Amino acid sequence: MKKEDVRVCILRVGGTNCDVETKRAFTELGVRAKVYHINQVLKQRVLQNSEALVIPGGFSYGDYVRAGAILAKGLLAKLGKDLERFIDEGKPVLGICNGFQVLVEAGLLPGFNGMGSHPEAALATNIPVGYRCRWVYLRHENRGNCVFTSKVSRGAVLKIPIAHAEGRFIFPRDKERRYLEKLYENDQLVFRYCDEDGEYAEGRYPINPNGSFHDIAGICSPTGTIFGLMPHPERAYYGWQLPDWTRMGSPPTYGDGRLIFESMVDYVVKSF
Amino acid sequence: MSRRLYVRRSLPFDLYEVKILEADNRDLLRISEEMGLALNLQEMRSVKEYFSKVGRNPTDVELQTIGQTWSEHCYHKTFKGTIETPEGKEVRSLLKTYIIKATKEINAPWCISVFEDNAGIVHFDGDYAIAAKVETHNHPSAIEPFGGAATGVGGVIRDVLGVWADPIACTDVLGFGPLDYDQKRLPPGVKHPKYIFRGVVAGIGHYGNNMGIPTVNGSIYFDESYTGNVVVYCGCVGILPVERYVKDAKPGDFIILAGGRTGRDGIHGVTFASLELTEESETVSRPAVQIANPIEEEKLKRAIITVRDMGLGTSITDLGGGGLSSAVGETAHKFGCGAYLELERVPLKYLGIAPWEIYISESQERMLLTVRERDLEKVLEVFRDEEVEATPIGRLTVDGRLRIKYQGYMVADLDVGFLFSPPQVRRAAEWVRPQLTEPRFPEPQDLTGDLLKILASPNVASKERVVRTYDHEVKGNTVLKPFCGKYDGPSDAAVLKPLDTSWRGLVISCGMNPRYGKIDPYWMAASAIDEAIRNNTAVGGRRISLLDNFVWGNPEKPDRLGSLLRACRACYKFAKGFGAPFISGKDSLYNESPLGPVTPTLLITAIGVIPDVRRTVSMDLKEPGSLLYLVGRTYPELGGSEYYKLRGLIGRSVPKVRVEEAAKTMKAVIRAIDSGYVKACHDLSEGGLGVAAAEMAFSGGLGLEINLSRVKVSSELSRSDYVLFSESNSRFLIEVPERFRDEFEALMEGSPFSLIGRVRAEDWFSIYGLDGSRVVDVSVRELRAAWKSTFGG
């Protein structure tokens, strides 16, 4: 389909707060992105009329119970069927920060067996504990399955900021090894925290800013069409958003975050 | 509780008549105290006089309304009152005589609304304006640090919403007692600085992060006097289309209360009802601090911006101190209307709240809007869509009276004009210059150790561990962040790019020098203004507007008032000298605890613009071989400095501001930045040249060699340590590539400046003293480690 016909649904509820800059990122790429309150999505059957779904960052419903938990249940309860169809059609779903937490809580990621009924992983409280806003380096691990990173070469290092208190990706301790193997087998691993030179953090703080298992920053579904990551690509979209652009004379036009949105749009244009 | 003064009306709810007409002076004071009105005898007598004329006794609702409206917090009695100066003259209104006068005389074309609304409004770009407000939330934060600080942020965000602006950034400046304060020295009721520090920091982060408003600028300051009086300044900046700044309320408009529900939280002081129930301790000990719910405010914000964009509201204000009583009263007063309310319509958190409590409750996340009858349903629908409660609770009327009904009974009927003409306070001011002497001690030969110690001192050291708990990136518009360079250097100001369609940037900075105030509040105020403006200038900001926030002790004590008067005089002189108008401000007085008064503290926030954010300059050194210039003149001004503090001294040579030269210097710096000659620029403040140079070096990861004999000093300055650590105002360190040397020097002609050093590729920092010997010799890495050692990275 044509780029200008692509409709991106950016979902928000009370407490979502990164919708505007996320929308800006898509609009800049020439697609039709719109922010919808979950009530509108229900009433106007927005999912049926969209080619992509994004759950942006924020504190959905105050992140009470657990980060993303309430929205995850709400999504399944209110939109479950529509969402299942949406995913079955291969339409991409992107979860950024709180959106990643929602996708994990909803059992959509890692989603080893399709849409699960319970979470197979968790985004737990950071170690060291506390909210943290800083720029990190991400090493691209995916071998080509993830449709959100087709424009990123394997092994490339991206610079994107994080801002969260619950971003420590973990599996159940007893299944840790097995699940990690699955991630590799299915080519679901997308980003790992690393240093400027691409060396894995191996848990070292603050290179790994939250204590994530295996330095995991972002994963996708076995189909590669659902993707969640803790860092905020929309905050690294333009060059002037970079923390050190003043050292470059004038800012570069774009930051690394743009590649993710570009890849996603590219996939939609080619597939539908 | 003197029962004879209060009569409960036989109604299905709690309403008391207060027998003020029969009350003598002692009774009047008693009523004021028992009801927690905080009115003095003069004020109580004019209340009595009013009701004598009316010919009846007031209800508790009426008295509480008057108490709230006439409070220092709502009416700013001291700033609007008459002051007898130490010179035997009279000043009628500090606010008009000094602060507003400066703004009027500057008559800046960019000012849109100053000192009249919830926030000051200045033009930004094209059809857009910027709204800014800074508040204090000291008292609540001293009782309950987390809730106090969080609701402080929530409150100031609502102030910005209260001029129809969309909040885009928060600032916070905090003052704490020393974190290692001896627990045994704390008097009962005063919480340990560390406890307060943790709670306040968490509260600030919680609210801003949850609402998705970046916290981009601020500082943390430690002072012994903040132990009993924590200082919490919360600021917010918003953006609005100029034409959407609507103030058009008329009689007949509906009054809508929107947002959170009303409860007993935030009813201050000893209250009537709780005294009635003395045996029931649970009620008595109910916390008086409000409860924060940022998600509620986030939804409220969205609804209000939608109402704004649809052009459906005729006026708006927030509910802060005084709750409904203040918001309704001020709205009616401002538009020359009266108001009629049906108080039982106010949605409550729980039952059993007396009418007066509903009317003055400070429950959070509430806003008051007025709308035309024809738009009422549309407005309510907007709120429904956002899942925010909004209720019409009454209407504006033509008659200039405030009438409140509760379940069909009239519980208040007051003249709005009377409500807003409290008796003027009259207070005496005196000021005795503190007896201080300039210390004498031998000049150390090596200053490396002192420099490292100052870098690690709490007021200079990196606050990264705290600042990273605030989201400074959300909204994706932060161009210059709190940290810059290769190694998280301390930015002088924040730069935002609020409009997608424009490269124009908003520059936010601040200045605060409480230690100078211990010597002379006049020069403290001058220094704070200079510091705020030069921080703005250092990154490329110009066309500056100022916000003033005073935190002082009890103004009824003449010495506290005397020092306030001196600070206000400086505000006038230096704002005018710099051509930077005040656009908004707030005073927090009565900051006294068992440990004594707060050290007088003036926070100046500067809001500037930069025509193109791509011209923004950060403070980290960038290029080996570059030249380092010191712009501005250095005087022997170490009074209140970090260098003296290291020796446990204060001194008396407080830094002054030579405003004409300073204004000229800042203009020259801006010209140099616009011309592209400036690679890095940093202001000199606490710790003077030594600290500023070290910060530039370790932020850029480059070495530096400086020769103090090249520094432009006043003739009486002859010691290397003084040159290195003097805190003279209006100075900048500027990195200029060798190739721009001639152009830069030609541009700076007419301002004091000198080439003092050179950027080195090696990780080494050396400073040569006045006699040519090496006085500082240390690796850049070590400087950085010292700076990060105190609070961690």
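This is a short chat about a predicted model, covering the contact between chain A and chain B and the second largest pocket.

Q: How many residues of chain A are in contact with chain B?
A: 31 residues of chain A are in contact with 40 residues of chain B.

Q: And what area is buried there?
A: About 3000 Å² is buried between chain A and chain B, and carbon and sulfur atoms give 47% of that. On the chain A side, C133(A), W240(A) and R247(A) supply 24% of the area buried against chain B, more than any other three residues.

Q: How many salt bridges are there between the chains?
A: Six salt bridges are counted between chain A and chain B. In a salt bridge between the two chains, the side chain of R24(A) meets that of D500(B) at 2.8 Å, N to O.

Q: Which elements of chain A touch chain B?
A: α1, α2 and β6 (132-140) of chain A each supply at least two residues to that side. The largest share, four residues, comes from β6(A).

Q: What about its residue classes?
A: The side of chain A that touches chain B has 12 nonpolar, nine polar and 10 charged residues.

Q: New topic: what space lies in the second largest pocket?
A: About 1400 Å³.

Q: Which residues lie nearest its centre?
A: Of the 42 lining residues, V20(A), D166(B), R302(B), I305(B) and D309(B) lie nearest the centre of the second largest pocket.

Q: Which element gives the largest share of the lining?
A: α12(B), with seven residues.

Q: And the classes in that lining? What are the counts?
A: The lining of the second largest pocket has 20 charged, 13 nonpolar and nine polar residues.

Conventions: Residues are numbered from 1 along each chain as its sequence is written. Chains are lettered from A and ligands numbered from 1 in the order in which they are written. This is a predicted model: local features need pLDDT of at least 70, side-chain atom pairs count only at pLDDT 80 or more; totals for chains, interfaces and linings use all residues. Side-chain values use heavy atoms; hydrogens and water are left out. On a 1 Å grid over the protein atoms alone, a cavity is a set of points where a 1.4 Å probe fits but cannot get out, and a pocket is an open set with protein on both sides within 12 Å along at least five of seven lines; lining residues have an atom within 4 Å of a point. Grid points are joined across faces, edges and corners, and a volume is the space filled by probe spheres set on the points. Ala, Val, Leu, Ile, Met, Phe, Trp, Tyr, Cys and Pro count as nonpolar, Asp, Glu, Lys and Arg as charged, and the others, Gly among them, as polar. Contact means heavy atoms within 4.5 Å. Buried area is the accessible area (1.4 Å probe) that two parts lose on being put together, summed over both. A salt bridge is a side-chain nitrogen of Lys or Arg within 4 Å of a carboxyl oxygen of Asp or Glu.
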